[in-house]
Amino acid sequence: MTSIAGAPIAPACPGGLSIEQVQVLVRHGERSPIWARFQNTGLSPYWPYCSAAQRFTQVVMATQDGSRWESMTWNRRLETSGPDGRSIPAKGAGGKTSSICMPGELTDRGRETSLAFGKLLRQLYIDQLSFLPKHLLDAEVLYIRTTEVPRVIESVQQVLHGLYPLGTNRTSAPWNIAMRSRADETLLPNIKSCARLAELTRAFSQGAAQKWNGSDDMRYLSKKLGKWMPGNKAVAVDSRPSLSAVMDTINATLAHGPDTRLPDEFYDERVRRVIDRIVVDEMFRGYSVSRELRMLGAGQLVGDIVLRMVDQVEWNRRYDMLRDPALQSRAPPRLSLLGCHDRTIGIVLASLGCLNSNEKWPPFTSHIIFELFRKRRTPSLTMKEGKQQWLWRDTTTISLTPITDQGDTGEPRGIGRRPVKKLTTEEVHELDEYFVRVRYNDRIMTIPGCRAEGKHFDGDASLCSLSAFKSIVDKFTPKSWRHACNSNLGALSTTINNEPAGY
């Protein structure tokens, strides 16, 4: 249950284009279950797959004035209560008491696949495309952000170690990893901070329960798994444990060794296929049909991804021919690495119209890569009325095109988050020199609204023009997320609406 095993290296840069920017959303690696379930099957609640528990290092203050800090190494020993109430070591399969995982903790397997993903990024963007430097001299080339969840932070650290292993990071500074408080988090649907998002999420979940609970597929699941449910109750979207929770335990056990497996019925081919289809429908279908849900659950994140693309375009227009190191050090990051969760991957795909009805639940270490390309050009410097102006020779059309759009102050006019429909013709043409490719694991995705003629590059609908991509995302980028979260409360659910994603 990982996206990495056997994944091929992605196609190189398409002919006629140069790669300008890469943004990566990556789910954490394999983990232990969030909750201990199905112990009635013999499944141990304690998993001995977390070797990091024997190798922790913690920074500690060494002087009361805070002038000196030191590191402390320590091992974690997981305990539980014995029959007589005394503390006893938690024992995993085979009586193991070391390397026992906490619930939801990144396992050794999760570290392995996250490290492998970092190596894949290095192979593609350093060895194959020479997009990133082989030896990192300036950490600002990368932007790194994760949620506050430890398994996500640790997964991103493993990815970084694969991308720039020991000896290749020549910077003296530690990695800068950005995080946000829960109230401001956008790397997953922030239900706790958004009342309307919570309302809509419940409505779509209830709609899925009404749709599936009485179906033949659900009856099949109950026939196979019902005897393991608490009280031998039927399996349902909203049962306890819920169908999504059942899926979580199945996927976690599949990712690890034979000592932590469920009975064979849980791995029946039809059981897994049906569970995937129903849970994907419950969790992600709303983003495919409701613009309001897209805006509240994914709009800030995808809007920020587009904003970084626009920042790169505007930087290129102003400075990319200037070799002043002071300017280059303030350039937008070449690669953004964003650590997230399975729901993040699913809602972003659904919001872009890239989630088909047969899509499986995002595996561990799943990733979406947004690549920004630019038409290859050769510059020539001209002088006009005493002012320097760059003209670019477009190697695909062999025409000269001025790309500097200046306002009254002589400074380039910013595009930022202004919707495409409010941009000038020159600004739209500038965006049309750039193209976005979206890759999900080992597949290149095509956004429906990019298929039309004039909205993609050279007959390849998967290379969406930045103006078309931004126009699609503009429609669900919130002007004020907090205001929208407190609007329409109690209103008729948008589950009855049909506002297809990706257009």
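## Strands S6 and S7

Strand S6 (residues 142-146) and strand S7 (residues 335-340) pair in the parallel sense, with five bridges between them. Within this pairing, Arg 145 has Leu 338 of S7 as its bridge partner. Strand S6 is mostly covered, since four of its five residues are buried. The model described here is predicted.

## Overall architecture

The protein chain contains 13 helices and 15 strands. Of its 503 residues, 51% count as buried. The accessible surface of the chain comes to about 23,900 Å², and carbon and sulfur atoms account for 50% of that surface.

Contacts also reach across the sequence. Among contacts between residues at least 6 apart in sequence, 74% join residues at least 24 apart.

The structure holds 29 salt bridges. In one of them, the side chains of Glu 30 and Arg 109 meet at 3.9 Å, N to O. Arg 109, at 27% relative accessibility, counts as partly exposed. Salt bridges with shared partners join Glu 30, Arg 109 and Glu 112 into one network.

The loop between S1 and S2 also holds Arg 31. The side chain of Arg 31 meets that of Asp 248 in a salt bridge of 2.3 Å, N to O. Asp 248 is in helix H5 (residues 243-254), and the pair links distant parts of the chain, 217 residues apart. Both Asp 248 and Arg 31 are buried.

Glu 371 and Arg 439 form a salt bridge in which the closest N and O atoms are 2.7 Å apart. Glu 371 is in strand S8 (residues 367-375) and Arg 439 in strand S12 (residues 434-440), and this pair links distant parts of the chain, 68 residues apart. Glu 371 counts as buried at 1% relative accessibility, and Arg 439 counts as buried at 6%.

## Nonpolar surface patch

On the surface, Val 59, Met 61 and Trp 69 form a nonpolar patch. Together these residues have about 330 Å² of accessible area. Trp 69 is located in strand S3 (residues 69-74).

How values were computed. Residues numbered from 1 in each chain as written. Predicted model: local features only at pLDDT ≥ 70, side-chain atom pairs only at ≥ 80, totals over all residues. Heavy atoms only, no water. Buried < 20%, exposed > 50% of the residue type's maximum accessible area, 1.4 Å probe, protein only. Helix = DSSP H or I, 4+ residues; strand = E, 2+ residues; numbered from the N terminus. Pairing = 2+ DSSP bridges. Patch = residues over 30% accessible without salt bridge, like charges linked within 9 Å, V, L, I, M, F, W, Y side chains within 5 Å. Areas by Shrake-Rupley, 256 points an atom, 1.4 Å probe, with all protein chains shown as cover. Salt bridge = Lys/Arg side-chain N within 4 Å of Asp/Glu carboxyl O. Contact = heavy atoms within 4.5 Å.
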